[in-house]
Amino acid sequence: MKVHDILNAHFYCDACEMVKCMEEIPVKHYQMPNGYLNNETEVMIKGRCPNCM
Ligand SMILES: [Zn+2]
């Protein structure tokens, strides 16, 4: 798996239901409690895309 896929921010438009990969938005790596392994962190930002403004 590429690093790009492990820390990935997406934008979801709740008007047209378009999902876009936001490569320019950095995703932080969360510190996990003991006993937990973080394989993947996904951030979903919801709102309106430029087409639906
Ligand atoms: Zn939209």
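Good morning. I begin with a definition: a residue is called buried if 20 or more other C-beta atoms lie within 10 Å of its own, with the C-beta atoms placed from the backbone. With that in mind, please look at the structure above, which is a predicted model. Of the 53 residues of its chain, 0% count as buried.

Let us turn to the elements. The chain contains one helix and three strands. Starting at the N terminus, their order is α-β-β-β.

How are the strands arranged? The three strands form an open sheet in the order E2-E1-E3, and the pairing is mixed. At the edges stand strand E2, residues 19–21, and strand E3, residues 41–47, each of which pairs on one side only. On average, neighbouring strands of this sheet are turned by 25 degrees against each other, direction ignored.

Strands of a sheet pair through backbone hydrogen bonds, and the sense may be parallel or antiparallel.

Which sense do E1 and E3 adopt? Strand E1, residues 7–13, pairs with E3 in the parallel sense, over seven bridges. As one example to find in the structure, Ala 9 stands opposite Val 43 in E3.

I return to burial for a moment, with strand E3 in view. How many of its seven residues are buried? The count is zero, and E3 is hardly covered.

Finally, I consider contacts along the chain. Among contacts with a separation of 6 or more, 54% are made by residues 24 or more positions apart.

Thank you for your attention.

Definitions and conventions:
Residues numbered from 1 in each chain as written. Predicted model: local features only at pLDDT ≥ 70, side-chain atom pairs only at ≥ 80, totals over all residues. Pairing = 2+ DSSP bridges. Helix = DSSP H or I, 4+ residues; strand = E, 2+ residues; numbered from the N terminus. Axes fitted to C-alpha atoms, helices over the stretch in contact; angles between N-to-C directions. Buried ≥ 20, exposed ≤ 12 C-beta atoms within 10 Å, placed from the backbone. Contact = placed C-beta atoms within 7 Å.
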